[in-house]
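Here are a few friendly notes to read alongside the model. Please have the viewer open as you go through the points.

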Amino acid sequence: MSLSLPADFGYVLAIGAGLYVLQQWVLTGAVVLPARRRSGIKAPTLYPTDAQARELKLTPEQLNEYMNAQRAHQNQVEFSSAFLPLYYAIGLVQPRKTAVAGASILFFRTIGSLAYGGLLPISRRWGGLYHLGEAYLVYLAFRVSVDMIR
């Protein structure tokens, strides 16, 4: 059995690899793990209870810093599970357009995640611009599906 992929699907894979690096290396390694070390919150605890925060003697600022870091990571996990299947499926049919949408999403999700995690001194709202690429990808999905049905 052989599988033939469009040559431009490499762009889709490159952006997908970038999203993986954002999730696993940047958000985990640069945002969550340092926040865990500073707060004393140990895995597998994702979000400490009030009692755990009191036991660790965390200030509201320390708790907020940790919660923002963890939430940035968890938000990316939740997004990826719904986004990536659609991204790769559409990428098989429209690889260049899908990669453009993916690059936009990767850029703005990186900005938003780093800002949310406290590593960029800007509002995390800038990361919300990823929805432009997301909307374009959903448009492509509907367009491809209509073309396939015809």
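1. Helix α3 (residues 60-93) and helix α5 (residues 130-149) have axes that come within 10 Å and cross at roughly 50 degrees. Axes here are lines fitted to C-alpha atoms over the stretch in contact, with angles from 0 to 180 degrees between N-to-C directions. That makes α3 oblique to α5, as angles under 35 degrees count as roughly parallel, over 145 as roughly antiparallel, 65 to 115 as roughly perpendicular and the rest as oblique.

2. Which residues meet? From α3 come Phe 79, Phe 83, Leu 86, Tyr 87, Ile 90 and Val 93, and from α5 Tyr 130, Glu 134, Leu 137, Val 138, Leu 140, Ala 141 and Val 144; contact means heavy atoms within 4.5 Å. These contact residues divide into 12 nonpolar, no polar and one charged (Ala, Val, Leu, Ile, Met, Phe, Trp, Tyr, Cys and Pro count as nonpolar, Asp, Glu, Lys and Arg as charged, the others, Gly among them, as polar).

3. On the whole chain, the protein has five helices and zero strands (DSSP runs: H or I of at least four residues, E of at least two, numbered from the N terminus). The C-alpha atoms fill a box of roughly 60 × 35 × 25 Å along the principal axes.

4. Buried residues make up 35% of the 150 residues, buried being under 20% relative accessible area with a 1.4 Å probe, protein chains only.

5. A note on provenance: this is a predicted model, where local features need pLDDT of at least 70, side-chain atom pairs count only at pLDDT 80 or more, and totals for chains, interfaces and linings use all residues. Residues are numbered from 1 along each chain as its sequence is written, and side-chain values use heavy atoms, leaving out hydrogens and water.

Note on methods
Buried means under 20% relative accessible area, exposed over 50%, partly exposed in between (1.4 Å probe, protein chains only).
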